[in-house]
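Please look over the sequence and the model before reading on.

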Amino acid sequence: MLSVAGGKLTTYRRIALAALSTLRADLGLHRLDRRPFPLPGAIDPDEGMRRLARCSPDLEPVVRAHLVHLYGSLADEVLAPATADPDLLRPLHPDGPDLAAQALYARDVEWACRPEDVVRRRTTLALRGLAGEEVVRRVDELFKTRGGEAPRAASVPSSPAR
């Protein structure tokens with residue numbers, strides 16, 4: 001067993017490759033693929049803004065920019081439930097860009113189990129000082145009134161064939 005502690009989000013791939021290199025023989029790995037692969041949702045921000053403007057033209061530009069910054073090409077997936085329920089396009093707090101649809105996406109796709117997971121870890125509400133009790137109650141109400149799915153992985157394109 002090899003334990004890795006510490007590290008940063010920006011270096012996790014390098015750390016993982018170093019760990020696999022250390023265990024390579026024990027794991028029977030003949031080669032390690034060191035080619036960089038884009039993370040899920042990776043997209044040029046300008047292209048992301050154009051795509052989101054086409055599929056959600058009524059969203060304010062600041063909200064579109066916020067969603068593209070957080071989700072990239074997956075932003076339209078975050079907003080998909082709002083097609084049937086436009087109320088999901090309402091902000092979770094009037095002073096922030098985070099939408100109700102994000103709370104459901106966090107629950108259904110990102111494994112958020114409690115409203116606090118959404119408010120503190122899946123949105124920018126806490127960072128903006130907007131994570132009050134009323135917002136937590138609103139997310140809790142969304143969880144209770146909008147039936148959800150079992151958490152699932154985001155629709156991520158498969159890696160190129162090797």
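## Helix H7

On helix H7, the face turned away from the buried side carries Glu-133, Glu-134, Arg-137 and Lys-144, which are exposed residues. The model is a predicted one. The buried residues of H7 are Val-135, Val-136, Arg-138, Val-139, Leu-142 and Phe-143. They lie on the same side of H7, because the arc they cover around the axis is only 160°. What do the buried residues of H7 pack against? Their packing partners are H5 and H6.

Helix H7 runs over residues 133–145, which makes 13 residues. At 1.5 Å a residue, the helix should span 18 Å, and the end C-alpha atoms are 18 Å apart, so the two values agree.

## A salt bridge on the exposed face

Arg-137 and Glu-133 form a salt bridge in which the closest N and O atoms are 3.7 Å apart. The two residues are 4 residues apart in helix H7, which means that about one helical turn separates them. Are Arg-137 and Glu-133 buried or exposed? Both are exposed.

## Other salt bridges

Side chains of opposite charge can pair when their charged atoms come close. How many salt bridges does a search of the whole structure find? The search finds 13.

One of them joins Glu-110 to Arg-122, with 3.8 Å between the closest N and O atoms. Glu-110 lies in the loop between H5 and H6, whereas Arg-122 lies in helix H6, so this pair ties together parts that are 12 residues apart in sequence. Glu-110 counts as partly exposed because its relative accessibility is 26%. Arg-122 is also partly exposed, at 23% relative accessibility.

Another salt bridge links Arg-90 and Asp-87, whose closest N and O atoms are 3.2 Å apart. Arg-90 has a relative accessibility of 43% and so counts as partly exposed. Asp-87, with a relative accessible area of 32%, is partly exposed as well.

## The loop between H5 and H6

Trp-111 is found in the loop between helix H5 (100–108) and helix H6 (115–122). Its phi is near 65°, a positive value in a residue other than glycine. Most residues other than glycine have a negative phi.

Is Trp-111 buried or exposed? Trp-111 is exposed, because its relative accessible area is 53% and the cut-off for exposed is over 50%.

Helix H1 covers residues 12–27, and Asp-26 lies in it. Asp-26 counts as exposed because its relative accessibility is 67%. How far apart are the C-alpha atoms of Asp-26 and Ala-106? They are separated by 37 Å, and the two residues are 80 residues apart along the chain.

Tyr-12 is also found in helix H1. Its relative accessibility is 37%, so Tyr-12 counts as partly exposed. Together with Leu-9 and Leu-39, Tyr-12 makes a nonpolar surface patch of about 330 Å².

Definitions and conventions:
Residues numbered from 1 in each chain as written. Predicted model: local features only at pLDDT ≥ 70, side-chain atom pairs only at ≥ 80, totals over all residues. Heavy atoms only, no water. Buried < 20%, exposed > 50% of the residue type's maximum accessible area, 1.4 Å probe, protein only. Expected span 1.5 Å × (residues − 1). Arc of directions from axis to C-beta. Contact = heavy atoms within 4.5 Å. Patch = residues over 30% accessible without salt bridge, like charges linked within 9 Å, V, L, I, M, F, W, Y side chains within 5 Å. Areas by Shrake-Rupley, 256 points an atom, 1.4 Å probe, with all protein chains shown as cover. Salt bridge = Lys/Arg side-chain N within 4 Å of Asp/Glu carboxyl O.
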